[in-house]
Amino acid sequence: MNWSDLGSLAPIIWAVLTAAAVLLVDIAAPGRRAPAIATALMGLAVTAAVVLSLAGHTETAFGGAYVVDGLTAFLDLLFVAIAALTIMFADDYLQPRGLPIAEFAAVLIFAITGAMLVAGSADLLLLFVALELMVLPGYLLAGYARNDPYSTEGAIKYFLLGSFSSAILLFGLAYVWGLTGSTRVDVVAAALAQAAAKGSIAPGLAMGLAFMTAGVAFKMAAVPFHYWTPDAYQGSPTPVTAYLSVGPKIGAFAVALRLFVAALGPLKADWLPIVIVLAALTMTLGNLVAITQDNVKRMLAYSSIAHTGYILVGLAAYAGGQHSGISAILFYGAAYTFMNMGAFAVITALQRRPGVTSQISTFAGLGRRSPWLGALMALFLLSLTGIPPLAGFWAKAYVIVAAIQAGGWLTALAVLAMLNAAAAAFYYLRVVVYMYMRDPAEDAPPLSPGLLFRVGLAVTGIATLVFGLFPAILNAASSAAGVLKG
Amino acid sequence: MTALLPLIPILPLGGFVLTGLLGRRYPDDAHRIAVWAVVASWVVASIVAVMALLHASPFGTGGAGITLWTWIPANGFASGFNASMGLFVDPLTACLLIVVTTIGMLVHVYSIGYMAHDPGRWRFFAYLNLFMFSMLLLVMADNFLLVFAGWELVGLCSYLLIGFWYPRRTAAVAAKKAFLVNRIGDMGFALGIMAIWTQLGTLNMQDVFAKFGSVPHEWQIAIALLIFCGAVGKSAQFPLHVWLPDAMEGPTPVSALIHAATMVNAGVYLVARCNPIFGAAPEVMVVVAAIGIFTAILAASIAFTQTDIKRVLAYSTLSQLGYMFASLGVGAWTAAIFHLMSHGFFKGLLFLDSGSVIHSVDGEQDMRKMGGLARKIPITYATMLVGAVAISGVPPLAGFFSKDEILGGAFKNGFLWVWAIGFVVAGMTAFYMFRLMGMTFWGPSHVDPEVEHHIHESPRSMTGPLILLAIPAALLGLAIGFPPETGLLHQWLAPVFASTIAASGHTEAAYNFFGVDGALAIGTTALVAVAIVLAWRLFGVEIPVLGLRAQPRPDQVREISARRGLALLYKGSFNKWWFDDINNKLFVEWGGKLAAAAFWFDRTVVDGTVNGIGTVTAGAGGWLRRVQTGRVQNYALGIALGLILVAAGYLVIAAR
């Protein structure tokens, strides 16, 4: 290790310092919310600036275990945005319930630190440690409402199953290490390329692949490894659900990019069929169950499973020979982050008063009670449905077209994705119908989200619109994707 | 200069957003934003249009555009599919800009008074602004995808505004009908765009036109037909004309703006814009001419007997749009745009007048319950008379020049059948318009006595636009269409159509006052005069200044319409040639039966299968629910089972 290694880690160091500073501020001014939030947001802003200052050139650190490249920068920025938005939305929910914000922000930033480490991992062991660093704070956040039994229950389940799946993933990594003799991604890839050239893979490697697939699929919440999702999502405080539905999911796809694409890329013909089946199952089951939900939070939980399925289509398209599948994954991740966090934010605004449920009836007449919130929620839902020219449309279009270009079974998968998108319109638009065609309850109190909340909501709304109209984010995604070899 | 272009559509878009968001809170004032947004847009558009029409720099003769940004970058799709967010203005677009923004602005002002008592006024203005944005996007877009976006958006606005009074069942049904019928045409247009992409690999209009010669001829025909299909839907040509008369359920300013002066012209604009495409497919041009002239006579014949004042005007719109398509089809491109412009002004005027009439008689639209209104609402009457004379084709008002060029073009380019039918339609137009004038303004009053004593002229915000529209309706022809075929408009538009006209072999021959052209004009004018006098004799007239006075003779009308041979024609016209009934039979009843059959199949076969699976699943579900009681061990078991399945999958793959 030397000083330049630390330079490469600068964004992560800044994030850790931010989290520590938040805790220190809380000690200095206990219970004061504004200083903690300000510290967290300013720290994250600096982190983003540091990421940007490093962007544009590629360097490796710690003997090649960690790499700073376009992909790392893209994902880092996304994670920082997720953390900032979550903090902006969280206080409106936590404060009325008497939950502290400083610990929340600090734990969240620690989780993001792990995710950022995942983004730059070029070593299987580091990848695993980083993944754990990302998910462990997530367990804490899921149980953040300590006095709420559902929150605690969801957190426990999430923790136990999460640990179980981490063990499975580690087991798979061990197989790979055993068969290739290295944990460095590039060395592994080279060794596997030789193995793949000989024809079929060894049964031991097949077992390793199975363990790794199952482990990563769990983190993504892909069917049939999704059991934890509904319980954890519904039990968690709503801002945490918002975070869980994007942060760990995109983290898991970062793992997929660094592990399956970078390290296991030579074996892509072997893992392609499994990914196709997983994608098909995931989007179909997620949508079918989402249709039956009357609780919007639970509905979005299942819909996030369905979106995992769509993103997996992009991964499958890569494995089918279309490199554009990777930029499609990255674009999807960015688009999904903003539109989904926005949708959760509106639920948060409705639930500002403790005791308000996220039942669909809560949304009745929202368009009249609060035109801005109603219009933005409609925007997010239309984008999640995939209506042009919003972000969600292009996200779906890019993965689906990449799959069609890859051809073969992937064409069938693309058709299935389109059918699923059509089916999903039903449950998303049902909320819009409630917002605009039903009268609000007589006693519905006025909604008055805080200033910071409004800013966050504006950011998500603008991003949802702008990603659809301006392709800048796609250009960033495709240059980031260029880092990974076809 | 081109930097100004985005302002034109963005101003009304901003108006829409602000009005939509603030309207509920400030229902009495929200319309101000919308009106001023359109006024500002009109100012900018006027500057741009004048520059473009004068072929001034940077527009020149070929037009100039601005690419705002790359909308769909080529690196997104492996096929390189791309489109830019670009606006383009050439003389043709400039003509449309003038029509759209001028009439749009006047309609906005008019609506202040017309919608004054409506609680949803802010919503109305928000929709109108959205419409303005969409229409401007449509005419200014520089690529087909963006045109299509505008195309769909105007359709959406039309739907929203026809159904503006949605608690009224007929309005809701008419809105749905307009939307569904338009889908048929839009589907064709979308397919046409896809065909263009597959053939040429670009959607930028100028590139497409430049390269269109390289497309195989059968594809040229297919693309032209598909684009025309979209135009038929949007401009309500036979057989998709059925939605437009019903669209009159919307507020009258909407009928004037969207369903007479602007949106329905989109089809004409599209065909004119795609003149290199249609020029390459002369077979399709004949189809365009045939559909156009057939719609013209069909709609005119229906307008003869309708009693709802707005429906007469709606069928008249269909008929005039038919003229424009006939003109495009025979290769008289400039004449079509000329008629588009003059028709936009006088038909917009006529609709606003009819709105003013309806306003004054408490919402009554049946002309049999009007009559004798001339003295009570003089401004409305005077302006409507100008409009009626203009559309009838009486020289020297606008309609005379534009219609004369169309008929002359058909005659000289060898489409004698188009000319013959068009000639007859000219007489029919004059007749039904003066029938309308007679029933509404002249003769004894049939107004409900209850309503009679508070008939009043409309407020100034309504009469002002009427007067302002009457001026171009009267003078536009002289101003830009004289001398015929060499007037200003021809100079402006010459570069747009020059190459297509040259390629077609037709020449825009000089107008011959003392030859064929003069003879045609005199013939048409004579027919129009006869038709007007006939209408006066049957439905009355009362213009003291000219010494004209005649009482209507309803018994004679009845007698003529009951005459053998004519009775059937009368019934056919009155029942709109049974098109709605045929459609009802064909699509609603028989289609309904097909749907019922599909429903039966779905219920018994598909549901049977699903229920069968459901029974099995329920059994499995019972077991699954035990797993899902929340016991973590069972979840872990599920994960382990999943792992085993995945592992089995990999082992199968490895064993290959």
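The model is predicted: local features need pLDDT of at least 70, side-chain atom pairs count only at pLDDT 80 or more, and totals for chains, interfaces and linings use all residues. Residues are numbered from 1 along each chain as its sequence is written, chains are lettered from A in the order in which they are written, and side-chain values use heavy atoms, with hydrogens and water left out.

**Interface of chain B and chain A**

- In chain B, 31 residues are in contact with 45 residues of chain A (contact: heavy atoms within 4.5 Å).
- The two chains bury about 3500 Å² between them, 75% of it on carbon and sulfur atoms; buried area is the accessible area (1.4 Å probe) lost by two parts on being put together, summed over both.

**Composition of the chain B side**

- Helix H26 (632-654) of chain B gives the most to the side that touches chain A, with 15 residues; helices are DSSP runs (H or I, at least four residues), numbered from the N terminus.

**Thr500(B)**

- Thr500(B) lies in helix H21 (residues 488-504) of chain B.
- Thr500(B) is buried, with a relative accessible area of 7% (buried: under 20% relative accessible area, 1.4 Å probe, protein chains only).
- Not counting residues up to four places away in sequence, Thr500(B) touches Asn275(B), Pro276(B), Gly279(B) and Trp333(B).

Conventions:
Helices (H or I, at least four residues) and strands (E, at least two) are DSSP runs, numbered from the N terminus. Buried means under 20% relative accessible area, exposed over 50%, partly exposed in between (1.4 Å probe, protein chains only).
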